[in-house]
Amino acid sequence: MLKISGLKAVVEGMEILKGIDLEVKPGEVHGIMGPNGSGKSTLARVLSGDPTYAVTGGEVDYCGQDLLAMAPDERARTGLFLAFQYPVEVPGVTIGNFLRTAFNSRREEELSAMEFYGLLLNKVRELGLADQWVNRYLNEGFSGGEKKRNEILQMMVLEPQLCILDETDSGLDVDALKIVSEGVNKMRSPERSIIIVTHYERLLEYIVPDKCHIMLEGRIVLSEDGIDLARRIDEQGYEHVKQQYAAQTQA
Ligand SMILES: Nc1ncnc2c1ncn2[C@@H]1O[C@H](COP(=O)(O)OP(=O)(O)O)[C@@H](O)[C@H]1O
Ligand SMILES: [Mg+2]
């Protein structure tokens with residue numbers, strides 16, 4: 001599904017990604033953890049094609065295609081989905097209209113408004129939101145938690161092939177976290193891969209990953225199957241990994 005090799009990226013003359021290697025197979029859920037500033041959001045943004053970041057090295061293979069050569073909208077149309085840490089507000093555009101346009105842009109044949117809203121309302125209710133939700137302007141005046149829930153709604157409607165969720169847990173209370181996690185868990189399928197970026201382990205207890213990675217200073221420095229690595233970080237913090245990594249690079 002996704003194979004990242006030696007990916008490097010620069011912003012404002014500073015190298016933020018210093019050679020990322022990561023392989024995600026179809027059906028897998030991966031957790032990426034790392035302290036603030038380690039480059040997690042930058043990685044997500046580079047994959048989405050954000051022009052703020054200049055790729056200076058490496059390759060990204062997405063389903064046999066050169067992802068870095070694709071325009072951002074092309075990436076989205078082929079099923080790459082990124083839920084942002086800070087979703088943007090789009091006043092004047094309702095969630096319903098926004099999602100209908102996005103949904104139809106990925107289909108050969110458009111769904112009628114009636115059919116689409118039927119589908120949309122089912123997902124809205126699954127996420128514990130009121131029907132009126134679809135008439136609100138995209139992210140305008142939303143609380144942090146509402147924005148996150150709305151990102152998951154988008155994901156459930158658009159059914160992407162590869163989902164990257166950046167700090168989807170931040171701003172969510174325990175109940176919302178459970179609802180959102182259930183939503184993500186329902187999306188798990190043998191054809192879909194999900195990357196969950198978080199600096200807390202808690203979300204990974206709800207959406208148990210197949211693999212966990214630790215990111216430090218622009219590199220993935222540690223990877224393990226299962227959730228144990230995330231649990232150790234939760235107990236011990238990142239300091240242990242940092243020391244281990246520093247010793248490795250000196251040797
Ligand atoms: N658009 C940007 N302009 C300047 N610096 C940036 C920008 N994006 C990220 N950075 C810097 O890159 C580093 C990694 O940031 P980020 O990827 O957001 O880390 P994380 O998501 O792991 O907390 C930080 O030092 C941050 O200040
Ligand atoms: Mg971040």
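Reader: In which helix is the place of K147?

Author: This is a predicted model, in which local features need pLDDT of at least 70, side-chain atom pairs count only at pLDDT 80 or more, and totals for chains, interfaces and linings use all residues. Residues are numbered from 1 along each chain as its sequence is written. K147 lies in helix α5, residues 144-158; helices (H or I, at least four residues) and strands (E, at least two) are DSSP runs, numbered from the N terminus.

Reader: Is K147 buried or exposed?

Author: Buried means under 20% relative accessible area, exposed over 50%, and partly exposed in between, with a 1.4 Å probe and protein chains only. K147 has a relative accessible area of 17%, so it is buried.

Reader: What is the order of the strands in the open sheet?

Author: Strands of a sheet pair through backbone hydrogen bonds, either parallel or antiparallel. Two strands count as paired if DSSP finds at least two bridges between them. Here six strands follow the order β6-β9-β10-β3-β11-β12, with mixed pairing. The edge strands, β6 (80-83) and β12 (219-225), each pair on one side only.

Reader: Which strands are joined to β10 in parallel?

Author: Strand β9 (residues 162-166) is joined to β10 (residues 193-197) by five bridges, and β3 (residues 29-33) by four.

Reader: Which way do the residues of β10 point?

Author: In a regular strand the side chains alternate between the two faces of the sheet. From β10, S193, I195 and V197 point one way, and I194 and I196 the other way. Five of the five residues of β10 are buried, so this strand is largely enclosed by the rest of the structure.

Terms used. Chains lettered and ligands numbered in written order. Heavy atoms only, no water.
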